[in-house]
Amino acid sequence: MSFGDQHSGWDLHCRVVDNFGDAGVCWRIARMLANEHGLPVRLWIDRPQTLQALLPGLNAAAAVQYIDGVTVCDVTRIAPQPQAAAVVVEAFGCGLPEDYVVAMAAMPRPPQWIVLEYLSAEDWVDGHHGLASPHPRLPLQRWFFFPGFGGGNGGLPREHDLLARRGAFDAPAFWREFGFAPPHSDCLTASVFAYPDAPLAPLIDACAAAHEPALLVLPEGAMAVAARRLLGAGESVQSLQRGALELRWLPFLPQRRYDELLWACDLNFVRGEDSFVRAQWAGRPLVWQPYRQEDQAHRRKLAAFARRYAEGMDAAAAAAWNPLVQCWNDSDAGGLAQAWLAWRAQGAALQKHALEWSARLAAGPELVAALVEFVRGKVK
Ligand code: TRH
């Protein structure tokens, strides 16, 4: 099993904490390294079954497989060895096996060791991006690489053709493929991908009671199950109407197609890290629910993003966007109906801002290209 010569391989290590994002972000980066930068990439992952949900062609039972240009290795079936790696990326500080690190140190030219951090809009990120930290015992050095906003960091992952594909997207064909008519032009269509504590019931009630029509689109998952339970809809129900609200259930889409759902909607409720970034690239208004953290770090992350995102936003639109985001994250059932109506009144301004935001991000660093450049700058 050869993974290319010693001076070109990238080993990307991913430990699935829970949910899909660790695998989602790592797969996206691995795929881009291989397909946009022509690098031999090994993705070392501990739960390939999580990746399979995003990549249906993956065989979750295989120890090693080559798919979409990437060699995917299941670390529970094959022990990682660094000998083919010129670069080792430790995603989200997941930790590397001790014998793997010892082997790195023993190599004639130890690989560059990059710790890829979680995304945050907080100001401190820029001051930490690109810093080095010597290994406490071995002749190795780790470099900390931060995704981020505003240019003083590693930026965000964006495939080279993403915005062109967005521009060419055929929304009616997307809906027809799933057996639905395209929504009426006066209907506000929103996709919902959220954690179980999101206040879905008040959102359904607010949409159903409104004058203008709305459509909530639920990919299979916690929200899809919750909506069926709330509405007494059986598994076989794919759509139903309640007052001014239509609900549609979709399958959990392959990661490459999730962007299409975001492009087909006027608003996207997203969560975590990868869907959060994709919703920004979609150029559509978004409501973000960060992954809850014990020390309330998710609140600081949300506040920091809200501050950045609201820069340049029409004041009335900002006054409508923030309350909906806060109600969604605080599970504030009481405030949600009013926030929803206020948000809808600012829909056009928020759509205009979302496109401007996406263009602003696209003018900044693209993460994978920045990572390749960063490593190139470190090679002695
Ligand atoms: O699933 P998540 O909640 O993952 C989280 C976050 O990554 C968080 O930062 C991390 O700390 C935690 O895991 C451990 O949310 P996220 O990041 O949006 O990842 C979801 C992935 O699922 C993303 O790649 C989009 C993809 N997806 C599909 O491929 N198809 C779908 O139908 C849907 C709804 C999502």
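**View 1. Asn19 sits in the loop between strand S1 (9-14) and helix H1 (21-37).** Welcome to a predicted model, in which local features need a pLDDT of at least 70, side-chain atom pairs count only at pLDDT 80 or more, and totals for chains, interfaces and linings use all residues. Residues are numbered from 1 along each chain as its sequence is written, and side-chain values use heavy atoms, with hydrogens and water left out. Helices (H or I, at least four residues) and strands (E, at least two) are DSSP runs, numbered from the N terminus. Asn19 has a phi near 55°, a positive value in a residue other than glycine. Most residues other than glycine have a negative phi. With a relative accessible area of 29%, Asn19 is partly exposed; here buried means under 20%, exposed over 50% and partly exposed in between, using a 1.4 Å probe and protein chains only.

**View 2. Phe92 lies in the loop between strand S5 (85-91) and helix H3 (98-106).** Phe92, too, is a residue other than glycine with a positive phi, again near 55°. Its relative accessible area is 11%, so Phe92 counts as buried.

**View 3. Trp143 and Phe374 form an edge-to-face aromatic pair.** Rings of Phe, Tyr and Trp (its six-membered ring) pair if their centres lie within 6.5 Å; planes under 30 degrees apart count as stacked, over 60 as edge-to-face and the rest as tilted. A search of the whole structure finds 24 such pairs.

**View 4. Ring pairs link seven aromatic residues into a cluster.** The members to pick out are Phe149, Phe276, Trp288, Phe305, Tyr309, Trp321 and Trp357.

**View 5. The largest cavity holds about 70 Å³ of space.** The structure has 2 cavities of 30 Å³ or more. On a 1 Å grid over the protein atoms alone, a cavity is a set of points where a 1.4 Å probe fits but cannot get out, and lining residues have an atom within 4 Å of a point. Grid points are joined across faces, edges and corners, and a volume is the space filled by probe spheres set on the points. The lining of the largest cavity comprises 13 residues, with Val25, Pro147, Pro157, Glu273 and Leu367 nearest its centre. Helix H1 (21-37) and helix H10 (274-281) are the elements that give two or more residues to this lining.

**View 6. Helix H7 (200-209) is largely enclosed by the rest of the structure.** That is because 7 of its 10 residues are buried: Leu200, Pro202, Leu203, Ile204, Ala206, Cys207 and Ala208. Ile204 has a relative accessible area of 2%. Not counting residues up to four places away in sequence, Ile204 touches Leu216, Ala227, Leu230, Leu231, Arg242, Leu245 and Leu247; contact means heavy atoms within 4.5 Å. Ala208 has 15% relative accessibility. Leaving aside neighbours within four places in sequence, Ala208 is in contact with Arg242, Gly243, Ala244 and Leu245. Ala208 and Leu245 are 37 residues apart in sequence but 4.5 Å apart in space, C-alpha to C-alpha.

**View 7. Helix H13 (residues 333-345) has the buried residues Leu336, Ala339, Trp340, Trp343 and Arg344.** They pack against strands S9 (188-192), S10 (214-219) and S13 (267-271), and against helices H7 (200-209), H12 (315-330) and H14 (347-362). In H12 you will find Cys327, which is buried with a relative accessible area of 7%. Beyond residues up to four places away in sequence, Cys327 touches Pro199, Asp332, Gly335, Leu336 and Ala339.

**View 8. The chain averages a pLDDT of 95.** This score is the predictor's confidence in each residue, from 0 to 100, and 98% of the residues reach at least 70. Over residues 1-6, however, the pLDDT is below 50, although this stretch has 14 contacts in the model beyond near neighbours in sequence. Where pLDDT is low, the predicted coordinates should not be read in detail.

Note on methods
1 Å grid on protein atoms, 1.4 Å probe; cavity = no way out; pocket = protein on both sides within 12 Å on 5 of 7 lines; lining within 4 Å.
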